[in-house]
Structure formats: structure tokens, C-alpha cells
Amino acid sequence: MNKRFLIICTCSLLALTLYSQTSVNELYQSFARESNVDKVNLNEFAMFLMRPFSDTDTESKITSISVLSLEECSPDVKNRFNKSALDFNDDEYELFVSANDENEKVRIFLKFQKEIIREMVILTMGDNPALIQLKGKILPSEIESMSNGRK
């Protein structure tokens with residue numbers, strides 16, 4: 001009897017944990033439909049068309065950009081987004097930077113594949129919440145050089 005109870009509790013906790021995890025796409029989709037949300041999606045084709053106008057000589061390539069800005073939304077929508085973004089937990093991403101200011105919080109998550117950054121997600125919470133998702137191939141060395149102020 002104790003074994004059954006323990007197994008049921010374990011399965012329940014596992015199901016609850018899996019349910020509470022929010023993916024980037026779920027977060028984006030759930031707030032993209034709200035009124036007064038500004039959203040921009042530049043897919044692979046749009047990024048390909050912009051490549052000739054780019055002056056960078058790097059191995060990194062951004063293949064898509066998605067931006068969700070909730071600056072003009074109601075306080076209720078902003079509060080729901082802020083709570084969802086704070087609870088963001090996806091095992092595929094690693095927390096890279098976390099910064100807390102008086103009225104704003106920023107979290108930057110990275111998704112790696114074979115030592116190369118394949119996705120970067122920037123979540124800002126506060127009065128001007130936003131979600132920015134960059135997909136592509138980003139070398140970690142280039143992130144370091146940008147953070148050191150070099151090009």
C-alpha cells in the first residue's frame with residue numbers, strides 16, 4: 001500500500017512539474033493574441049534578403065528574429081506576462097544573464113547545440129515587458145567580444 005501511494009505521489013509531482021514548464025513558443029503564442037501587442041517576425045527568408053545589406057564578416061548567422069512587445073498593453077496583461085516570464089523554465093535553455101533593477105528584470109537564456117548558440121531568448125519584465133527570440137548560429141566567442149566592447 002505504501003509503495004502505491006509513493007508511486008502515485010511521484011507521478012503526480014512529475015506531471016505537475018512538466019505542466020508548469022513553459023516553452024518560449026507557448027509564452028509567445030499565449031500573449032501574441034492580446035490587444036495592443038506589437039509583434040515582429042522576421043523568418044529565414046526575410047533574413048536571407050537582408051544579408052546583402054549586412055556589413056558583418058562573422059561566421060555567426062541569425063536566421064530568424066521574433067519580438068513581442070507588451071508596452072502598450074493593459075496592466076493586467078503586463079502582470080500576467082511578468083509572472084509567466086518569471087516562471088519561465090525550459091530545460092533546453094541555460095540562464096546566461098539575470099539582472100534585476102528597481103522596476104525591471106531581464107533574463108537572457110541560451111540554447112546550445114555542439115558548443116554553438118542556436119537560440120537566444122531575452123525576457124524583460126516590468127513596466128515595458130518584452131520577449132525577443134533570436135535563432136541561428138551564434139559563436140560564443142562573438143558574444144564575449146561584444147560584451148567586451150569590441151566588434
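Student: Why is Arg80 called partly exposed?

Tutor: This is a predicted model, and in it Arg80 has a relative accessibility of 34%. Partly exposed covers what lies between buried, under 20%, and exposed, over 50%. The value of 34% falls in that range, so Arg80 counts as partly exposed.

Student: What makes the contact of Asp76 and Arg80 a salt bridge?

Tutor: The N to O distance between their side chains is 3.7 Å. The cut-off is a side-chain nitrogen of Lys or Arg within 4 Å of a carboxyl oxygen of Asp or Glu, so the pair qualifies. Both residues belong to helix α4 (residues 75–86), where they are four residues apart, about one turn of the helix.

Student: How do you know that Glu92 and Lys111 form a salt bridge?

Tutor: Their side chains meet at 2.8 Å, N to O. The limit is within 4 Å, so this pair counts too. Glu92 sits in the loop between α4 and β3, and Lys111 in strand β4, so the bridge ties together parts 19 residues apart in sequence.

Student: What makes Glu119 and Lys111 a salt bridge, and are the two residues buried or exposed?

Tutor: Their side chains come to 3.5 Å, N to O, and the cut-off is within 4 Å, so they form a salt bridge. Glu119 and Lys111 are both buried, a word that stands for under 20% relative accessible area. Of the 151 residues in the chain, 32% are buried.

Student: Why is Asp127 called exposed?

Tutor: Its relative accessibility is 52%. Exposed means over 50%, so Asp127 counts as exposed. Asp127 lies in the loop between β5 (116–126) and β6 (130–138). Together with Asp101, Glu102 and Glu104, Asp127 forms a negative surface patch.

Student: How do you know that β3 and β4 pair?

Tutor: Strand β3 (residues 94–100) and strand β4 (residues 104–113) share six bridges in the antiparallel sense. Pairing needs at least two bridges, so the two strands count as paired. Ser98 stands opposite Arg107 in β4. Three residues separate β3 and β4 in their hairpin.

Student: What makes β4 and β5 a pair?

Tutor: They run antiparallel and are joined by 10 bridges. At least two are needed, so β4 and β5 pair. Ile108 stands opposite Ile122 in β5. The hairpin of β4 and β5 has two residues between the strands, and Lys114 takes a positive phi near 55 degrees there.

Conventions
Residues numbered from 1 in each chain as written. Predicted model: local features only at pLDDT ≥ 70, side-chain atom pairs only at ≥ 80, totals over all residues. Heavy atoms only, no water. Patch = residues over 30% accessible without salt bridge, like charges linked within 9 Å, V, L, I, M, F, W, Y side chains within 5 Å. Areas by Shrake-Rupley, 256 points an atom, 1.4 Å probe, with all protein chains shown as cover. Lys, Arg positive; Asp, Glu negative; His and termini not counted. Charge placed at Lys NZ, Arg CZ, Asp CG, Glu CD. Buried < 20%, exposed > 50% of the residue type's maximum accessible area, 1.4 Å probe, protein only.
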